Amino acid sequence: MSLDGFGAGPDQDRENPLGVGGPLLMEWFFHTRIWQAMHGDAEGGETGVDNEMAARGFSGIGAWILGRNMFGPVRGPWPDDSWKGWWGDEPPYHTPVFVLTHHPRPPLRMAGGTEFRFVTGGIHAALQQATEAAGGRDIRLGGGVATIRQYLAAALIDELHLAIRPVLLGTGEPLLAGMNLPALGYECAKHVAGERALHVFLRKHG
């Protein structure tokens, strides 16, 4: 998230998957060893606090939930099954991934254990299906901003990791604007300064 509260840049498309200026928000992640390993360089990348925070986010995950925009730039009914995500033949998830959409599509099995399952029944249906698939492990909500806001508004997120970058976007998709997080039961439980981001963890009371 940027200092001025944006979780993604504006005008997402194929050339700008994170929106215009969005990569600035992920600069902390791009330098980590876990990111480099995902892209075939097992020895490259940094091993400091940012890497530790990134690795923590992938540990013990049994299923993911993504909004449709996180899966790709296609809008409206699926014209065909040619779009298979931003990540190539082997996405980094290695678990079932439940994609929120208004338009049905058959499941998509990828290399490395990732299977995209498209859910048209809303956030509660996706959470129920992910819970069943996770087998007692954690479920990670991978975004985007609108999806995170829906789950936060319903107080369905147990822990939210914010990587706050010292950058200003000026415009984009606001992550927390207009949300009364204390009223929803959230508190700031922990914060850790990394090399390129401040890592803040929000948790639900109880």
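Let's start at His199, which touches Trp28, Val49, Asp50, Met53, His161, Leu162, Ala163, Lys190, His191, Val192 and Gly194, leaving aside residues up to four places away in sequence. Keep in mind that this is a predicted model. His199 sits in strand E10, which runs over residues 198-204. With a relative accessible area of 0%, His199 counts as buried, since the cut-off for that is under 20%. Its side chain also makes a polar contact with the side chain of Asp50, at 2.7 Å.

Asp50 takes us to helix H3 (residues 49-58), whose buried residues are Asp50, Asn51, Met53 and Ala54. These cover an arc of only 165 degrees around the axis, so they lie on the same side of H3. The cover over them includes helices H1 and H2 as well as strands E7 and E10. Just past the end of H3, Gly60 has a positive phi of about 70 degrees.

Here are the elements named in that cover, apart from E10:

| Element | Residues |
|---|---|
| Helix H1 | 27-30 |
| Helix H2 | 33-38 |
| Strand E7 | 159-164 |

Now for the whole chain. It has six helices and ten strands. A compact globule of 206 residues would have a radius of gyration near 17 Å, and the chain agrees because its own value is 17 Å. Its C-alpha atoms fill a box of roughly 45 × 45 × 35 Å along the principal axes. Buried residues account for 39% of the 206. Of the contacts between residues at least 6 apart in sequence, 60% join residues at least 24 apart. The chain exposes about 10,500 Å², with carbon and sulfur atoms supplying 53% of that.

Technical notes:
Residues are numbered from 1 along each chain as its sequence is written. This is a predicted model: local features need pLDDT of at least 70, side-chain atom pairs count only at pLDDT 80 or more; totals for chains, interfaces and linings use all residues. Side-chain values use heavy atoms; hydrogens and water are left out. Helices (H or I, at least four residues) and strands (E, at least two) are DSSP runs, numbered from the N terminus. Buried means under 20% relative accessible area, exposed over 50%, partly exposed in between (1.4 Å probe, protein chains only). A polar contact is a pair of N or O atoms within 3.5 Å; within protein, one must be able to donate a hydrogen and the other to accept it, and residues adjacent in sequence count only if both atoms are side-chain atoms. Contact means heavy atoms within 4.5 Å. The arc is that of the directions from the helix axis to the C-beta atoms. The radius of gyration is taken over C-alpha atoms; the globule rule is 2.2 Å times the number of residues to the power 0.38. Accessible areas come from the Shrake-Rupley method with a 1.4 Å probe; for residues, only the protein chains shown count as cover.
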